[in-house]
Amino acid sequence: MTTSPASLIAPHGGSLVERLAEPSTHDAQLEAARSLAQIQIGARELSDIRLLGTGALSPLDGFMTEERYHHVVNEMRLEDGLPWTIPITLSVDPIAYRSLRHARQVALVYQDEIVATLDVHDIYQPNKAHEAVHVYRTDDPAHPGVNVLFQAGEYYLGGPITVFKTAYDHLELSEYQLSPRQTRQAFHERGWKSVVAFQTRNPIHRAHEYLQKCALEMVDGLIVHPLAGETKSDDLDAATRFACYERILSDYYPSNRILLAAFPASMRYAGPREAVFHALCRKNYGCTHFIVGRDHAGVGDYYGTYDAQAIFDAFEPNEIGILPLKFEHAFYCTVCAGMASSKTCPHESSHHVFLSGTKVRQMVRSGFAPPPEFTRPEVADILIRAHANTEVAAAQSGGGADAQ
């Protein structure tokens with residue numbers, strides 16, 4: 001466990017819980033892990049392992065045991081009462097379950113590389129329908145998070161993990177992959193005592209810019225912290241999204257008051273619960289404030305527009321520790337000739353320019369740039385070029401633009 005400079009907010013639970021193997025014993029532990037029973041994991045589990053390794057999921061030290069899992073699913077709290085809203089679990093199928101029932105430790109393997117070990121404290125069978133309804137507010141398998149849940153193995157393994165350096169091999173956007181220890185150091189060096197975090201999985205657009213700059217008026221610094229793990233198949237790839245962030249931040253933001261970094265989590269699309277989860281993680285990164293806009297971490301019509309803001313009222317402010325900044329839906333008003341929200345604009349919705357992410361993707365795929373009232377031309381150019389390159393690559397490989 002580590003502590004932070006006194007000027008920074010404490011991590012959730014009081015200290016960063018980092019699960020990286022000690023450098024002095026790393027190689028010996030990795031070699032010993034080769035003799036253990038192995039569990040094959042996917043990209044989503046790897047994201048959780050990476051977060052656990054660096055302390056981004058503090059105070060968690062591994063995948064949840066049955067007791068902790070039930071507290072989180074049913075009460076949105078850990079067993080000691082500390083708020084936590086998303087179960088962090090490792091699933092296995094019945095075949096693996098039968099072979100592991102008496103194992104005390106297992107190796108977690110991603111694409112033929114051992115990335116971590118898990119000390120097996122328990123193996124249990126969850127009620128997935130119950131988990132779906134409580135965490136995602138639906139058991140509809142069309143929901144991407146529920147679909148992943150139902151497709152996963154029938155049993156969960158719980159216990160602390162030890163993470164090896166191999167978990168961070170081939171990490172995309174490596175120059176932006178800052179750990180909580182590193183972001184906290186960056187904030188300290190810059191003298192930022194108050195920092196607002198912005199979470200996104202989409203390219204930056206005018207509404208994002210409006211919210212970020214409103215928030216930046218209140219604090220010392222802004223960390224634009226886009227999710228860089230696994231998302232839905234129709235979401236834009238991380239490299240393209242980061243190209244958009246780089247361009248906008250370099251041209252339209254004060255360089256001494258911003259930091260761009262990657263959040264290596266996978267999306268769960270759990271709406272309100274994931275909004276709290278995202279806030280708690282950013283508290284671990286050293287942030288004091290967190291922007292919560294419309295339908296945060298939502299998908300489809302599963303959640304109300306501002307459910308992700310209302311859920312914070314289920315906790316006392318001191319329990320969460322990081323302050324949610326709740327913003328109304330922002331849009332461009334042609335009468336006001338600028339960005340606004342329902343709190344500041346008196347004009348009818350017919351004067352408001354708003355495009356959904358789906359509509360923007362459709363426009364880009366058709367070769368049309370989203371209007372400048374929605375996104376800056378520089379971003380539109382990046383999106384159109386990226387889609388054109390994708391089409392060329394797909395054609396050369398013998399597939400269509402929408403292959404897979």
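Guide: This is a predicted model. Start with the open sheet of 5 strands, whose order is 10-9-8-11-12. The pairing in this sheet is parallel. Strand 10 (258–260) and strand 12 (323–326) form the edges, and each pairs on one side only. Neighbouring strands here are turned against each other by 25 degrees on average, direction ignored.

Now look at one pair. Strand 8 covers residues 195–198, and strand 9 covers residues 221–224. The two run parallel and are joined by 4 bridges. Find Ala-197: opposite it, in strand 9, stands Ile-223.

Next comes helix 8, residues 206–216, which packs on this sheet. Helix 8 touches strand 8, strand 9, strand 11 (289–292) and strand 12. The direction of helix 8 makes about 150 degrees with that of strand 9.

Follow helix 8 to another sheet. Helix 8 also lies across strand 13 and strand 14. With strand 14, the angle is about 70 degrees. These strands belong to an open sheet of 3 strands, in the order 14-13-15, with antiparallel pairing. Its edges are strand 14 (338–341) and strand 15 (352–353), each of which pairs on one side only. Strand 13 (residues 330–333) and strand 14 run antiparallel, with 4 bridges between them. Ala-330 stands opposite Ser-341 of strand 14.

A search of the whole structure turns up 1 cavity of 30 Å³ or more. The largest cavity holds about 30 Å³ of space. Its lining consists of Ile-204, His-205, Arg-206, Glu-209, Ile-248, Thr-375, Arg-376 and Val-379. By class, that lining has 3 nonpolar, 2 polar and 3 charged residues.

Helix 3 (residues 66–75) packs with helix 5 (residues 128–136) at an angle of about 50 degrees. Their axes are 8 Å apart. The two helices are therefore oblique to each other. Helix 3 brings Tyr-69, Val-73 and Asn-74 to the contact. Helix 5 brings His-130, Glu-131, His-134 and Val-135. Sorted by class, the residues of this contact are 3 nonpolar, 3 polar and 1 charged.

Key. Residues are numbered from 1 along each chain as its sequence is written. This is a predicted model: local features need pLDDT of at least 70, side-chain atom pairs count only at pLDDT 80 or more; totals for chains, interfaces and linings use all residues. Side-chain values use heavy atoms; hydrogens and water are left out. Two strands pair if DSSP finds at least two bridges between them. Axes are lines fitted to C-alpha atoms, for helices over the stretch in contact, and angles run from 0 to 180 degrees between N-to-C directions. Contact means heavy atoms within 4.5 Å. On a 1 Å grid over the protein atoms alone, a cavity is a set of points where a 1.4 Å probe fits but cannot get out, and a pocket is an open set with protein on both sides within 12 Å along at least five of seven lines; lining residues have an atom within 4 Å of a point. Grid points are joined across faces, edges and corners, and a volume is the space filled by probe spheres set on the points. Ala, Val, Leu, Ile, Met, Phe, Trp, Tyr, Cys and Pro count as nonpolar, Asp, Glu, Lys and Arg as charged, and the others, Gly among them, as polar. Angles under 35 degrees count as roughly parallel, over 145 as roughly antiparallel, 65 to 115 as roughly perpendicular and the rest as oblique.
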